[in-house]
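Me: I would like a close look at a single part of this model. Please keep it brisk.

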Amino acid sequence: MADEHTHDAQQAPAKENLIPGVKHVIAVSSGKGGVGKSTVASNLACALALTGAKVGLMDADLYGPNIPMMMGSTKGPEQKDGKIVPVENYGVKLISMAYLVPEEAPLVWRGPMVHQYLQAFFRDVLWGELDYLLLDLPPGTGDVQLSLSQMVPLAGAITVTTPQEVALYDVRKGMAMFQKVNVPLLGIVENMSSFVCGHCGERTDIFSHGGGERAAEKLGIPFLGRIPIDPAIRDGGDSGHPIVVGNPASPQAAAFREIAQKIIVALGGEEQRGSSIDSLLKKIKQPFTNS
């Protein structure tokens with residue numbers, strides 16, 4: 001007679017594949033709010049789309065969804081055969097709670113409700129075939145992070161931080177959480193790294209400098225790159241024109257593209273070099289063909 005405490009792994013129910021057409025699911029996280037995580041997520045999604053990849057961006061920050069505004073697409077999704085057709089802009093497929101609730105309506109939900117709606121964002125949205133699906137997570141280590149790690153196989157997590165020590169302390173906690181649930185750590189992005197005066201060219205390290213790189217070295221994970229403080233990046237988010245597509249010739253856009261290339265390589269793809277600004281502008285001006 002078998003031991004009553006023995007668990008037969010073969011009898012455990014198989015985990016449902018909610019998004020069979022998606023190759024890589026990437027969590028974009030932050031240990032604390034206000035570090036520009038959604039700005040990074042939207043620009044990285046656009047940078048990946050400019051390589052010709054099929055890209056989706058899920059706004060998993062249910063309590064503070066900003067992706068529709070940052071991606072310049074506030075019109076809600078349509079339905080087809082009982083499923084949700086994601087909104088698309090800049091060659092990126094989008095879904096967000098901001099499309100589904102009134103703009104000023106607060107969400108006062110406990111964990112089970114959060115889990116239910118996240119599951120619907122996978123199961124009930126027609127994502128189709130995607131190379132990358134980026135998840136813009138809420139800050140911290142709460143219900144959303146745990147639910148997502150249980151729902152879908154995450155190819156890896158990116159953490160966005162500012163350079164100062166208080167933000168880096170939260171980064172270490174967030175990275176430890178992903179490690180506990182066996183999610184690979186793709187690396188750290190240091191946002192708001194420095195400010196370069198447009199008049200005199202002097203650099204000012206408003207939030208210190210180099211903290212993200214030091215944290216990555218200490219944790220033994222890749223440092224993906226630095227994004228400077230720049231009004232153009234903020235303007236792009238406010239106006240719905242991420243700087244990667246709004247001003248592709250800028251050094252700020254180049255920084256996002258460089259990070260996107262590192263992510264592609266980390267996930268087994270081939271680095272793409274030599275795209276001229278003219279070719280990028282041509283892609284942006286013409287309709288994307290990755291839908």
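Which residues are buried in helix 9? Please go on to what helix 9 packs against, and to the salt bridges.

Reply: This is a predicted model. In helix 9, the buried residues are Gln252, Ala253, Ala255, Phe256, Arg257, Ile259, Ala260, Gln261, Ile263 and Ile264.

Take the helix itself next. Helix 9 runs over residues 251–266. Its 16 residues reach 23 Å from the first C-alpha to the last, close to the 22 Å expected at 1.5 Å a residue. Glycine 268 follows helix 9. The phi of glycine 268 is positive, near 95 degrees.

Now the packing. Helix 9 packs with helix 1, residues 37–50. The axes are 9 Å apart, and the angle is about 70 degrees. Angles of 65 to 115 degrees count as roughly perpendicular, so helix 1 is roughly perpendicular to helix 9. Helix 1 brings Val40, Asn43, Leu44, Ala47 and Leu48 to the contact. Helix 9 brings Phe256, Arg257, Ile259, Ala260, Ile263 and Ile264. By type, the contact residues are nine nonpolar, one polar and one charged.

Lysine 37 pairs with aspartate 136, with the closest N and O atoms 2.8 Å apart. Lysine 37 lies in helix 1 and aspartate 136 in strand 7, so the pair ties together parts that are 99 residues apart in sequence. Aspartate 136 and lysine 37 are both buried.

Strand 7, residues 130–136, has another link. Aspartate 131 forms a salt bridge with lysine 23, and their closest N and O atoms are 3.3 Å apart. Lysine 23 is in strand 1 (residues 22–29) and aspartate 131 is in strand 7, so this pair joins parts 108 residues apart in sequence. Aspartate 131 is buried, at 18% relative accessible area. Lysine 23, at 60% relative accessibility, counts as exposed.

A further pair sits within one helix. In helix 7 (residues 231–239), arginine 234 and aspartate 238 are four residues apart, which puts about one helical turn between them. An α-helix has 3.6 residues a turn, so residues three or four places apart point the same way. Arginine 234 and aspartate 238 form a salt bridge, the closest N and O atoms being 3.8 Å apart. Arginine 234 is partly exposed at 48% relative accessibility. Aspartate 238 is partly exposed, with a relative accessible area of 48%.

There is also a network. Salt bridges link Glu190, Glu213 and Arg226. Across the whole structure, the search finds seven salt bridges.

Note on methods. Residues numbered from 1 in each chain as written. Predicted model: local features only at pLDDT ≥ 70, side-chain atom pairs only at ≥ 80, totals over all residues. Heavy atoms only, no water. Axes fitted to C-alpha atoms, helices over the stretch in contact; angles between N-to-C directions. Helix = DSSP H or I, 4+ residues; strand = E, 2+ residues; numbered from the N terminus. Parallel < 35°, antiparallel > 145°, perpendicular 65-115°, else oblique. Contact = heavy atoms within 4.5 Å. Nonpolar A, V, L, I, M, F, W, Y, C, P; charged D, E, K, R; others polar. Expected span 1.5 Å × (residues − 1). Buried < 20%, exposed > 50% of the residue type's maximum accessible area, 1.4 Å probe, protein only. Salt bridge = Lys/Arg side-chain N within 4 Å of Asp/Glu carboxyl O.
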